[in-house]
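Student: I have a structure here and would like to go through it with you. May we take it piece by piece?

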Amino acid sequence: GTVDVDAAVVDTADDIAEMRIRGAATIADAAAEALAIQAERSDADSPGAFQRQLRTAAKTLYETRPTAVSLPNALRYVLRGMEGETVADLRETTIARAEEFRTDLEQAQVTLGEIGANRLRDGDVVMTHCHSTDALSCIEAALEDGKEIEAIVKETRPRKQGHITARQLREWGVPVTLVVDNAARRYLDEADHVLVGADSIAADGSVINKIGTSGLAVNARERGVPVMVAAQTIKLHPDTMTGQTVEIEMRAEEEVLPPEERADIVADAPNDDGLSVENPAFDVTPPRHVDAIVTERGQFPPESIVTLMRELFGETTGEPWEV
Ligand code: RUB
């Protein structure tokens, strides 16, 4: 039988690669949904063909962006639920498993928010970086508790995800001060917390998040502002338990320097080489600069996150489609 993946899976993969779908939790949700659509629409004529098709779909989704571990964790979780002797059974179990994943993901974010809100007091000012739905869930829960929260929102060059954060916070009525990334240290004097999300958490408690998070955390430590990381357990990176490091995505030069601006810089240069642009999307914040990691299972000092990782992902090895 055929192993061609459905066009909807290719579209989702494209949306993730191009960041029309972005943020670790949202990527995981979209990937699970895409596997369910693949299962629903599969034209496989045998159980083996169905399984091959789902694995190919998972691989297509996986090969989009490398840093957010929520993506392989989601794919692995859904594929592990693919069970049965017939195509009909495989289809049904895969769809049910994807739905279960998506419901649990949403619930985990709500629970995490309630736990994280306990750290926020009435009148607190929170500094954010990038756009994290897990981090925003903490603010939403604090607002629901009747606390007044204000936000200093870092713009987050080059993609300006700070605008998405500002938009959401303003929708909730939160007073927002938007600042360029370079102004963060100056405005830390007015902040009670730094609150960020994560794309991956390593076994040693390192936090992999949007580029600029590590510098922000260093400055926050110097200013005595606690750094809180909101991250569902789907962000725990199981491979780091065996010493693997998390791949940091490098994105296109054009995000930083559009072609016409590049042309301007090299206008008087002897040749067109010699100007390179680096555009890492993420960086690593060491555990010593993180005060708490808030998950749906409770809040943890970064150094103890490995215990939770072992409990939840102890048996996990291999590529997500090799389940
Ligand atoms: C997004 C980013 C977010 C985390 C957490 O980077 O770094 O902080 O993914 O988000 P990008 P969430 O915009 O490059 O995808 O809490 O929503 O999972």
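Student: Which way do β9 and β10 run, and how many bridges join them?
Tutor: This is a predicted model. In it, β9 and β10 run antiparallel and are joined by three bridges.

Student: How many residues lie between β9 and β10?
Tutor: There are two residues between β9 and β10, and the two strands form a hairpin.

Student: What order do the strands have in the sheet that holds them?
Tutor: The order is β3-β2-β1-β4-β7-β9-β10, in an open sheet of seven strands with mixed pairing. β3 (176–179) and β10 (298–300) are the edge strands, and each of them pairs on one side only. From one strand to the next, the twist averages 25°.

Student: Then β7 and β9: parallel or antiparallel?
Tutor: Strand β7 (residues 227–230) and strand β9 (residues 292–295) run parallel, with three bridges joining them. Met228 has Ala292 in β9 as its bridge partner.

Student: And which strands does β1 pair with?
Tutor: β1 pairs with strand β2 (residues 150–154) in the parallel sense, over four bridges. Met127 stands opposite Ile152 in β2. The chain goes from β1 to β2 by way of α6, in a β-α-β crossover that is right-handed. β1 also pairs with β4 in the parallel sense, over three bridges. There, the bridge partner of Thr128 is Leu195 in β4.

Student: Which strands does α6 lie across?
Tutor: α6 lies across β1 (125–128), β4 (193–196), β7 and β9, and runs at about 110° to β7. Another helix, α5 (residues 87–117), lies across β7, β9 and β10, at about 140° to β9.

Student: Where is the cis peptide bond?
Tutor: The cis peptide bond joins Arg157 and Pro158, with omega about 0°. Pro158 has its place in the loop between β2 and α7 (162–171).

Student: Changing topic: what is the strand order in the sheet of three strands?
Tutor: That open sheet has the order β5-β6-β8, and its pairing is antiparallel. β5 (200–201) and β8 (282–285) each have a single partner strand and stand at the edges, so one side of each is left without a neighbour in the sheet.

Student: How many bridges are there between β6 and β8?
Tutor: Strand β6 (residues 207–210) pairs with β8 over four bridges, in the antiparallel sense. Lys210 has Phe282 in β8 as its bridge partner. Helix α9 (residues 213–223) packs on this sheet and touches β6 and β8, and its direction makes about 35° with that of β8.

Student: What domains does the protein chain have?
Tutor: The domain assignment gives domain 1 (7–111) and domain 2 (118–246 + 280–313). Their centres, taken over C-alpha atoms, are separated by 27 Å.

Student: How many residues are in contact between the two domains?
Tutor: 17 residues of domain 1 are in contact with 18 residues of domain 2. On the side of domain 1 that touches domain 2, α2, α4 (70–80) and α5 each supply at least two residues.

Student: Last topic, the ligand. Which residues come nearest?
Tutor: There are 18 residues around the ligand, and Gly23, Ala25, Thr133, Asp134 and Gly197 come nearest. α2 (24–41), α6 (133–144) and β6 are the elements that give two or more residues to this shell.

Student: Which domains does the shell draw from, and what classes of residue does it have?
Tutor: The shell draws at least three residues from each of domain 1 and domain 2. By class, seven of its residues are nonpolar, seven polar and four charged.

Conventions. Residues numbered from 1 in each chain as written. Predicted model: local features only at pLDDT ≥ 70, side-chain atom pairs only at ≥ 80, totals over all residues. Pairing = 2+ DSSP bridges. Contact = placed C-beta atoms within 7 Å. Axes fitted to C-alpha atoms, helices over the stretch in contact; angles between N-to-C directions. Near = placed C-beta within 6 Å. Nonpolar A, V, L, I, M, F, W, Y, C, P; charged D, E, K, R; others polar. Domains from an automatic or database assignment. Right-handed = clockwise from strand over helix to strand, strands pointing away.
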